[in-house]
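Reader: I'm new to this one and would like a guided tour. Could you take me through how to read it, feature by feature?

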Amino acid sequence: MKTTLIIYESHHGSAKKAATILGTIIGNTKVYPVDEAPDTIYFNNLVAVFGFCGTNTATGTMAYLSKVKDLIEKKPMAVIGIGLAKCDLPGFCEKIRDAAGGKEFDAYFSEGELRVKDLTAGERDLLADFFEKYGMTLEDKGNFNTANLTDIACELALKYRVPKKPMAKDFLREKIRAFILSHNTMVLATAKDDWVRCTPLEYIYLDGIIYVITEGGLKCKGLWQNENISAVIYDAYRTMANIKGLQITGKAECIEVMCDEYQQVFMKRHLPLKKIDELPISLYLIRVTPVKYEILNSDFKKDGFDVRQVLTV
Ligand SMILES: Cc1cc2nc3c(=O)[nH]c(=O)nc-3n(C[C@H](O)[C@H](O)[C@H](O)COP(=O)(O)O)c2cc1C
């Protein structure tokens, strides 16, 4: 498991909020204000978040990075600036790079906010002078951009949460297949905009495809408008030493009743098509095509692998 240290330097809370969002989404993280960050870097990755603050920007962050630069030399690092003017980011990054011993890092900008009521008297005077110089008045500006931050966090999560000891693809594929075949129920999430639905369903697994025979229901509302699904197959939690679960990301659709594929699935399930046809209601068939598997299995550790493994199909 790879871990990430997140440090933040915030004057009025935006960078702190950003660091909190990043911490929860990236996962396996620990978030510290920069003045409380540990000197011993036992984390695999480092993320520094700071609010833009004129000449006072990221001063604590630079002092910290300068102190630990030898320890972070080989670690992946990202810097996230929260401010009003994106064009200020490169200048701040240059100074941060110098402080970190010339280290390369990914740099991101996300909009923060200026709320006049929260400013100290000193900040208000300083900013009023600054704005006046550019023919502007000091007023509330910017809106904290949560959506942009969650996108940045997802990008970093994909980069940072790769297993330290990944399984060979074929071996992992077999482990996933065995897990799916040793269960028969999944929870399928379908969605369209702000409409989301989770449904527990019995499934059949044939040649890498998951099929669900169903009398229908509201899950199909999402499927007809959005083919993207998420599903999970899992064992009930007992202890941390025995965790097993499989998250599936994929595409799904309702396939035509009695088409060739439909008939094959019912035949493989030993369900006579004549009987199915005679039922007073139709049975529908949902085809789920997995695109990505994320499996968690504490047994993997016994074989020297990460507990969490990812397979893209
Ligand atoms: C004293 C002060 C100076 C600021 N200087 C800048 C600046 O140079 N560039 C900018 O884009 N935003 C600037 N801002 C706006 C802040 O970047 C914005 O309010 C941000 O959300 C602050 O994050 P924080 O609350 O985590 O400190 C400044 C705000 C204050 C209060």
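This is a predicted model: local features need pLDDT of at least 70, side-chain atom pairs count only at pLDDT 80 or more; totals for chains, interfaces and linings use all residues.

Reader: Where does K301 sit in the chain?

Author: K301 is in the loop between β12 (284–297) and β13 (308–312). Its C-alpha atom is separated by 29 Å from that of Y32, and the two residues are 269 apart along the chain.

Reader: How do I read burial from a neighbour count? Is I210 buried or exposed?

Author: The cut-off for buried is 20 or more other C-beta atoms within 10 Å. I210 has 23 C-beta neighbours inside 10 Å, so I210 counts as buried. You'll find I210 in strand β9 (residues 209–214). Leaving out residues up to four places away in sequence, I210 touches Y203, Y205, V288 and P290. D235 is another matter to look at: 25 residues separate I210 and D235 along the chain, and their C-alpha atoms are 18 Å apart.

Reader: What about the chain as a whole? What part of it is buried?

Author: Buried residues make up 29% of the 313 residues. For overall shape, look at the radius of gyration: a compact globule of 313 residues would have one near 20 Å, but this chain has 26 Å. The C-alpha trace spans about 85 × 50 × 30 Å along its principal axes. As for what the chain is built from, there are nine helices and 13 strands. Contacts tell you about sequence distance too: among those with a separation of 6 or more, 73% join residues 24 or more positions apart.

Reader: With those strands, how do I read a sheet? Which order do the strands of the open sheet take?

Author: The open sheet has five strands in the order β2-β1-β3-β4-β5, with parallel pairing. At the edges are β2 (29–33) and β5 (106–111), each pairing on one side only. From one strand to the next, the twist averages 20°.

Reader: Can we zoom in on one pair? How many bridges link β3 and β4?

Author: Six bridges link β3 (residues 45–51) and β4, in the parallel sense. Two places to look: A48 stands opposite V79 in β4, and L46 has M77 of β4 as its bridge partner.

Reader: And how do I tell what each face of a strand is doing?

Author: In a regular strand the side chains alternate between the two faces of the sheet. Now apply that to β4, where seven of its seven residues are buried. M77, V79, G81 and G83 are on one side, A78, I80 and I82 on the other, and both faces are covered. Helix α3 (residues 89–99) lies across β4 and β5, and runs at about 140° to β4.

Reader: How should I read a positive phi?

Author: Most residues other than glycine have a negative phi. D193 is not a glycine, yet its phi is positive, about 50°. D193 lies in the loop between β6 and β7, and counts as exposed because it has 8 other C-beta atoms within 10 Å. A58 isn't a glycine either and has a positive phi of about 55°. A58 is in the loop between β3 and α2 (59–72), and it counts as buried because it has 25 C-beta neighbours inside 10 Å.

Reader: Last stop, the ligand. Which residues come nearest to it?

Author: Of the 22 residues around the ligand, S14, A15, G51, G83 and G112 come nearest. The elements giving two or more residues to this shell are α1 (14–26), β4 (77–83) and α4 (121–133). The largest share, three residues, comes from α4. Sorted by class, the shell has 10 nonpolar, nine polar and three charged residues.

How values were computed. Residues are numbered from 1 along each chain as its sequence is written. A residue is near a molecule or strand if its C-beta atom, placed from the backbone, lies within 6 Å of it. Helices (H or I, at least four residues) and strands (E, at least two) are DSSP runs, numbered from the N terminus. Ala, Val, Leu, Ile, Met, Phe, Trp, Tyr, Cys and Pro count as nonpolar, Asp, Glu, Lys and Arg as charged, and the others, Gly among them, as polar. Two strands pair if DSSP finds at least two bridges between them. Axes are lines fitted to C-alpha atoms, for helices over the stretch in contact, and angles run from 0 to 180 degrees between N-to-C directions. Two residues are in contact if their C-beta atoms, placed from the backbone, lie within 7 Å. The radius of gyration is taken over C-alpha atoms; the globule rule is 2.2 Å times the number of residues to the power 0.38. A residue is buried if 20 or more other C-beta atoms lie within 10 Å of its own, exposed if 12 or fewer, and partly exposed in between; C-beta atoms are placed from the backbone.
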